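This briefing walks through a few strands, helices and loops in turn. Please keep the sequence and the 3D view open beside the text while reading.

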Amino acid sequence: MTGQTGFIIANAPSMSLATIWLSAAGLIMSGVTHFALAADVSANFAPNDPPGEWHSQARDYANTRYSPLDEINAGNVKQLRIAWSFSDGVNYGHEGAPLVVGATMYVVAPFPNVAYALDLSKPGAPIKWTYAPDPSPLAIGKACCDAVVRGWAFADGKLIYNLLDDHTVAVDAETGKQVWRTKMGNVENGETMTMPPFVVGNKVLVGNSGGEMGKIGWLAALDIGTGKEIWRAYSAGTDQLVKIGSDFHPFYDWMKGKDLGVTTWPADMWKTGGGAAWGWISYDPELHLIYYGTSNPSPRVPTQRPGLNFWTSAIFARDPETGAAKWAYVFTPHDQWDYDGVNESILVDLPIGGKTRKALVHFDRNAYAYTIDRVTGEVLIATPYAYQNWSSGFDAKTAMPIVRPEMQPKPEVKLSNVCPPDIGGKDWQPSAFSPKTGLLYAGIFNICMDVTDHRQSYIPGTPYDGMEMTRHPAPGDNWGEFMSWDPVTGRKAWAIKEKYMTMSGALATAGDLVFYGTVDGWFRAVNAKTGEVLWSQKLGSGIIGAPMTYLGPDGRQYVAIYSGVGGAAMVSKAMPGFPARGSTLYVFSINGESLPNGAPTPTTTTGSAGPNPQTNQSGQR
Amino acid sequence: MATRATGRSMVSALRAVSIIAAALLASYEPVAGDSTAAAPTSGLPPEAVLASLPLAELAGAVRDPAGLVVANPFEGDKQAIEDGHRLFIAMNCAGCHGYDAAGNMGPNLTDKAWRYGGTPSAIYQSIFQGRPQGMPSWGRALPAQDIWKLVSFIGSLGGSYRTGQHQDWLNGDHGVTSTAPEVTTLEPTFNVPTLREADKPPDTPLAGGSPTPAPGGTP
């Protein structure tokens with residue numbers, strides 16, 4: 001078993017359900033006969049914010065991270081230079097993307113989660129206001145994977161984000177004054193919050209972290225005006241808790257039944273079963289459905305929780321008004337390797353089997369790339385995008401990966417070379433989509449693990465985890481790769497191998513460019529069609545943030561990226577040359593040009609021992 | 001409502017921990033030459049002494065109060081190190097500090113960086129009391145013997161300080177033998193019971209040669 005063998009299914013309605021086995025090297029099957037043409041794959045860019053602005057982490061509901069700006073393009077990208085930079089002075093991992101609304105940029109630092117508004121109308125983008133929420137330091141030691149924040153949102157004149165100690169805050173975007181602050185959980189029990197809120201209408205959607213600490217996962221909706229909770233849907237428990245009712249229609253029979261969030265667990269273990277909703281949310285305004293994934297089950301030692309462990313390592317489609325589940329699909333039933341299902345789902349419409357399907361594309365941690373019908377939850381394509389050896393194939397009829405029995409961990413027995421490792425073929429770092437190429441772009445991993453499971457006792461506030469691991473590169477010796485992916489055929493179009501992990505988000509632009517960063521600190525621009533690397537800049541620390549682009553008040557296009565390694569990238573910290581931590585936002589423009597006028601250039605004086613002519617008597621300039 | 005939920009979960013937490021600890025202790029089968037079989041139930045350092053350990057340097061002029069030189073009662077006991085290692089995994093310490101104890105969610109326990117002191121008694125105190133960045137307090141959940149065994153295991157990893165080396169930790173001396181002459185010749189003498197005359201706080205307002213802050217100015 002090489003792990004490089006791919007398996008493609010195509011369940012077009014015109015075809016009988018069948019598993020078709022073929023090599024990733026490229027046999028052609030009916031229904032999947034060509035690489036997508038740009039025109040074939042499209043996305044809805046609602047809410048259609050002004051082209052030069054960036055109001056939510058992925059810019060649009062569909063999670064494309066696509067910007068219509070093209071002033072910076074393949075022709076001039078080589079002239080990109082640093083225009084200005086900003087340090088928040090915090091040395092935890094920097095995982096979010098700055099937002100730009102009008103002439104203001106909004107950033108939030110990792111713990112203690114200080115927010116800054118930067119005035120883009122002035123040279124050097126000085127601080128307009130600062131908001132310090134003072135979260136509990138207890139949270140630092142309860143967050144599994146560094147004291148990070150993955151993003152923040154702008155809506156209704158407010159900057160909205162989650163504090164690591166389980167509070168959601170809304171801050172007046174003009175003044176920096178707190179509007180509301182809602183306690184969502186108890187940090188002392190091991191629950192934290194790291195995901196970016198996602199706003200649909202008047203509802204702020206937030207979820208928890210803590211799947212490594214035995215916290216049951218949930219997603220909640222808060223009123224954007226008051227912060228009052230409207231609904232909360234759990235990832236395990238009774239149908240009532242999971243918000244499964246008469247509207248719930250999963251595509252596959254094995255996900256149908258009463259209270260599966262209870263019956264797929266040993267007695268009561270769902271209560272400490274994980275399924276945290278710590279990743280991304282997308283939204284289809286026409287179907288009026290949200291999509292998000294759930295984390296690994298707890299404890300991570302599978303022999304302690306026989307059963308399919310619903311609804312962990314899964315995806316839900318829900319009605320944002322009520323939280324009612326419409327459908328669900330479990331990516332990794334009875335997950336034994338920590339393959340959280342929280343990665344982003346990009347909503348695209350694409351042709352399969354002669355019909356245009358409303359789909360979502362999801363690169364799961366289990367190393368399969370899924371193209372799923374977002375109306376019904378039917379899996380249209382599932383093929384590996386990264387090296388994997390935990391499954392021997394994919395059953396098209398059930399849409400279940402076929403587990404290799406020898407890759408199932410047993411307590412106190414070391415199991416070598418399991419691929420991908422706990423952090424997956426790709427972790428939470430978000431991919432991008434370009435309607436000009438029809439391709440998705442993602443930083444992925446090429447990593448395996450040696451794992452020994454240890455039996456766990458549940459002690460609140462401590463890890464309910466049990467996986468002792470070492471990670472090493474999969475064949476090829478490169479830890480990272482940046483790839484483009486055709487969601488119609490389930491194949492890579494091109495790939496760039498990176499020695500260090502590629503754990504940054506991706507940005508696609510109308511300038512036919514794609515941007516990404518590496519854990520050793522290179523920020524790159526790539527030709528979106530060919531994958532040719534056009535420009536690279538070394539930054540101060542490793543890059544695990546998400547690039548974005550905006551138009552300044554001066555009419556120039558800028559590209560911004562945080563540099564500050566941390567988070568799950570620390571699994572590779574023993575690599576020679578692994579960078580130190582950092583806290584700097586870098587902003588680039590063509591030739592580094594920025595607001596040319598009005599910069600307060602101080603006057604230089606020479607040979608004078610007298611009073612500084614620039615200083616008045618009160619000592620103030 | 002929220003408070004009640006917290007109270008309930010704390011009670012269940014302590015109950016769960018007690019059961020686990022009892023199970024672990026029950027599994028300690030005495031073996032030949034196992035000094036654990038004769039683990040001291042008396043002869044442990046008094047909790048009051050340990051609880052009085054300061055986290056920071058001492059104000060005034062007293063060096064090495066009794067609490068700072070409390071030794072691990074299991075000093076030199078190899079079985080205690082093994083028991084401590086088992087506890088380190090069973091009580092989920094490894095989940096935070098790493099199975100190699102080299103740090104993960106929680107800090108590295110194998111190096112010389114000890115935020116709250118690196119001597120056996122200081123490490124005991126950190127486990128007993130907990131620490132504010134997420135370290136739980138185990139004093140109510142684990143018997144003193146088990147905490148000392150955890151200290152034994154951590155001590156075996158090579159990064160911690162030995163009994164009596166509290167000042168070395170405070171001053172960042174990792175046991176390097178070379179010391180500049182000024183350190184021993186020009187440092188003020190400790191154990192001076194009274195303040196020097198010149199250091200005494202004035203009992204009258206400053207006057208004479210002292211610059212007087214301008215009215216409304218910042219001193």
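**An enclosed strand and its neighbours**

Seven of the seven residues of strand S29 (residues 439-445) of chain A are buried, so S29(A) is largely enclosed by the rest of the structure. The model is a predicted one, and the points below are grouped by region.

*Strand S29 of chain A*

- Both faces of S29(A) are covered, with Leu439(A), Tyr441(A), Gly443(A) and Phe445(A) buried on one side and Leu440(A), Ala442(A) and Ile444(A) buried on the other.
- S29(A) runs antiparallel to S28(A), to which three bridges join it, and within this pairing Phe433(A) has Leu440(A) in S29(A) as its bridge partner.
- The hairpin that S28(A) and S29(A) make has four residues between the strands, and Gly438(A) there takes a positive phi near 75 degrees.
- S29(A) also runs antiparallel to strand S32 (residues 480-486) of chain A, and six bridges join these two strands.
- Ala442(A), one of the buried residues of S29(A), stands opposite Met483(A) in S32(A).

- Lys426(A) lies in the loop between strand S27 (414-418) and strand S28 (432-434) of chain A, and with a relative accessible area of 0% Lys426(A) is buried.
- Not counting residues up to four places away in sequence, Arg305(A) touches Trp265(A), Pro266(A), Met269(A), Pro297(A), Ser298(A), Pro299(A), Arg300(A), His334(A), Asp335(A) and Gln336(A).
- The C-alpha atoms of Arg305(A) and Pro409(A) are separated by 13 Å, although these residues are 104 residues apart along the chain.

*A four-stranded open sheet in chain A*

- Four strands of chain A form an open sheet in the order S9-S10-S11-S12, with antiparallel pairing; strand S9 (153-155) and strand S12 (178-183) are its edge strands, each pairing on one side only.
- From one strand of this sheet to the next, the twist averages 20 degrees.
- Strand S11 (residues 167-172) of chain A and S12(A) run antiparallel and are joined by five bridges.
- Along this pairing, His167(A) stands opposite Lys183(A) in S12(A), while the bridge partner of Ala170(A) in S12(A) is Trp180(A).
- S11(A) and S12(A) form a hairpin with five residues between them, and in its turn Gly176(A) has a positive phi of about 80 degrees.

*Chain B as a whole*

- Chain B contains eight helices and zero strands, and along the sequence its pattern reads α-α-α-α-α-α-α-α.
- Of its 219 residues, 35% count as buried.
- Among the contacts in chain B with a separation of 6 or more, 68% are accounted for by residues 24 or more positions apart.

*Helix H5 of chain B and its packing*

- Eight of the 10 residues of H5(B) are buried, so H5(B) is largely enclosed by the rest of the structure; the residues concerned are Pro120(B), Ser121(B), Ala122(B), Ile123(B), Tyr124(B), Gln125(B), Ser126(B) and Ile127(B).
- The buried residues of H5(B) pack against helix H2 (47-51) and H6 of chain B.
- How are H5(B) and H6(B) oriented to each other? Helix H5 (residues 120-129) and helix H6 (residues 144-155) of chain B pack at an angle of about 125 degrees with their axes 9 Å apart, and H5(B) and H6(B) are therefore oblique to each other.
- The crossing of H5(B) and H6(B) is right-handed, and by class their contact has 11 nonpolar, one polar and no charged residues.
- On the H5(B) side of this contact are Pro120(B), Ser121(B), Ile123(B), Tyr124(B), Ile127(B) and Phe128(B), which meet Ala144(B), Ile147(B), Trp148(B), Leu150(B), Val151(B) and Ile154(B) in H6(B).
- Gly130(B), which follows H5(B), has a positive phi near 80 degrees.

How values were computed
Residues are numbered from 1 along each chain as its sequence is written. Chains are lettered from A and ligands numbered from 1 in the order in which they are written. This is a predicted model: local features need pLDDT of at least 70, side-chain atom pairs count only at pLDDT 80 or more; totals for chains, interfaces and linings use all residues. Side-chain values use heavy atoms; hydrogens and water are left out. Buried means under 20% relative accessible area, exposed over 50%, partly exposed in between (1.4 Å probe, protein chains only). Axes are lines fitted to C-alpha atoms, for helices over the stretch in contact, and angles run from 0 to 180 degrees between N-to-C directions. Angles under 35 degrees count as roughly parallel, over 145 as roughly antiparallel, 65 to 115 as roughly perpendicular and the rest as oblique. A crossing is left-handed if the near helix is turned anticlockwise from the far one by less than a right angle, and right-handed if clockwise. Contact means heavy atoms within 4.5 Å. Ala, Val, Leu, Ile, Met, Phe, Trp, Tyr, Cys and Pro count as nonpolar, Asp, Glu, Lys and Arg as charged, and the others, Gly among them, as polar. Two strands pair if DSSP finds at least two bridges between them.
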